[in-house]
Amino acid sequence: MTQHIVVIGAGYSGLAAALRAARRLPDARITLINPRAYFVERVRLHQLAAGQRLRRYPLSDILGTAGIELVVGSVRTIDTERREVTVDSLDTPVPYDTLVYALGSVADTSTPGVAEHAATVAGPAEAQALRDKVATMARQEGTLTVVGGGLTGIETAAEVAETYPGLGVRLVTDTEPGAGLSERGRAHLRRVFDRLGVEVRTDAKVVEVHSDAVELADGNTMTTDLVVWATGFGVPDLAARSGITVDSAGRIVVDDTLRSVSHPDVYAVGDSAAAHHPDGSPLRMACATALPLGRYAGDVIAARAHGRSPRPLRFRYFFQCLSLGRDDGVIQFVDAHDRPRERVLTGRLAARVKEAVVRGATFTARRSGLYPSR
Ligand SMILES: Cc1cc2nc3c(=O)[nH]c(=O)nc-3n(C[C@H](O)[C@H](O)[C@H](O)COP(=O)(O)OP(=O)(O)OC[C@H]3O[C@@H](n4cnc5c(N)ncnc54)[C@H](O)[C@@H]3O)c2cc1C
């Protein structure tokens, strides 16, 4: 009987998994379900928020001759007993033999006031809405407060400040921006923020967002015209709602072949998977994680379909890439577990490398049938 593999989510990991499975299992039926008919370069959404145009990659072109069926719609439910998913655009459920769960992540809006008053760059619709607000605010010379000193908050603050020099841009973080970078990387960040006029407030934990201010844990408030919330990502609750075992963050708990520990016919990849190194330490939510995981899942599914035992996931990181506007950046070399080494590239060279990596990620996602897993 022909195996039906259903992949939900056509981001970096889902696309890679679908294309890889199609390549390895030419006789399988593969369906890819995604809310949009095009691939979004999610790692560029801070650029969209700052007013740049992003290229759209039609999924029909990418899936081309791979023989993958595309369904445009959002998965609403997963029935793990009947092994089928319901999709908002279809009248009948889609049955599966194997499900690949690749829904990515969403903004974490659990802090009071964030859902009501803050903007985010977590998804394309949110980044686009932010773009329009920022453009309006820039004309009024307002103040934008980016909350979160991780890579997304830093990239967003730098990109907006570079595009709109008249806008007051403030970065508020409970630690130090780029706390995961080496001292040289952090020193470069400080120089760039000085150059771009970004005001950095460290050791400031935001506990509530209002329409015109943020409230800090120490009782102080900071007035602002707009807040961008970038403190980290949560994940969609579909897996938890469907009775699939998830961790405390809602990510699917997987074994060392990315298979759900509760449902062996479900695989999880990318931001939605609680994937880990062989020693149990977690992988970070990143495109750098999602792409190889997607390809690997395609290989594992194919290996099992051929009656072979797949090798466990082996994973290592090489670097973290940070854009600081269009002409500056930091490439932070890291060890296998993502811990920073002292070595960094900075400035224009780093910006060029980052751009090449982002393009390479999209190219690789689109051609994932062809590349070996790491
Ligand atoms: C502004 C920004 C900058 C970033 N920069 C970097 C970077 O420089 N380097 C890096 O490594 N990472 C970066 N990241 C993180 C990176 O984008 C994510 O880790 C990566 O996209 C995760 O890939 P994924 O395949 O798990 O999910 P995604 O790429 O988010 O794809 C998930 C897909 O699932 C779809 N989906 C969601 N719900 C449903 C549903 N119910 N039914 C069907 N489909 C659904 C979504 O629409 C989407 O198409 C950045 C993220 C942001 C927001």
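This is a predicted model: local features need pLDDT of at least 70, side-chain atom pairs count only at pLDDT 80 or more; totals for chains, interfaces and linings use all residues.
Q: Let's start with the ligand. How many residues surround it, and which are the closest?

A: Begin with the residues around a ligand, then look at individual atoms. Here 31 residues surround the ligand, and the closest are Ser13, Asn34, Arg36, Asp271 and Lys354.

Q: Which polar backbone atoms lie by an oxygen atom of the ligand?

A: A polar contact is a pair of N or O atoms within 3.5 Å. A polar backbone atom of aspartate 271 is 2.8 Å from a ligand oxygen, and a backbone N or O atom of alanine 288 lies 3.0 Å from an oxygen of the ligand. Side chains can take part too: an N or O atom in the side chain of arginine 42 is 3.0 Å from a ligand oxygen.

Q: How much of the ligand does the protein cover?

A: On its own the ligand has 1000 Å² of accessible area, and the protein covers 88% of that.

Q: Which element gives the most residues to the shell, and what classes of residue are there?

A: α9 gives the most, with 3 residues. By class, the shell holds 16 nonpolar, 10 polar and 5 charged residues. Domain 1 (4–105 + 235–315) and domain 2 (109–231) each supply at least three residues.

Q: Which residue is the bridge partner of valine 214 in β17?

A: Methionine 222 is that partner. Strands β16 (residues 213–216) and β17 pair over 3 bridges.

Methods: Residues are numbered from 1 along each chain as its sequence is written. Side-chain values use heavy atoms; hydrogens and water are left out. A residue is near a molecule or strand if one of its heavy atoms lies within 4 Å of it. A polar contact is a pair of N or O atoms within 3.5 Å; within protein, one must be able to donate a hydrogen and the other to accept it, and residues adjacent in sequence count only if both atoms are side-chain atoms. Accessible areas come from the Shrake-Rupley method with a 1.4 Å probe; for residues, only the protein chains shown count as cover. Helices (H or I, at least four residues) and strands (E, at least two) are DSSP runs, numbered from the N terminus. Ala, Val, Leu, Ile, Met, Phe, Trp, Tyr, Cys and Pro count as nonpolar, Asp, Glu, Lys and Arg as charged, and the others, Gly among them, as polar. Domain bounds come from an automatic or database domain assignment. Two strands pair if DSSP finds at least two bridges between them.
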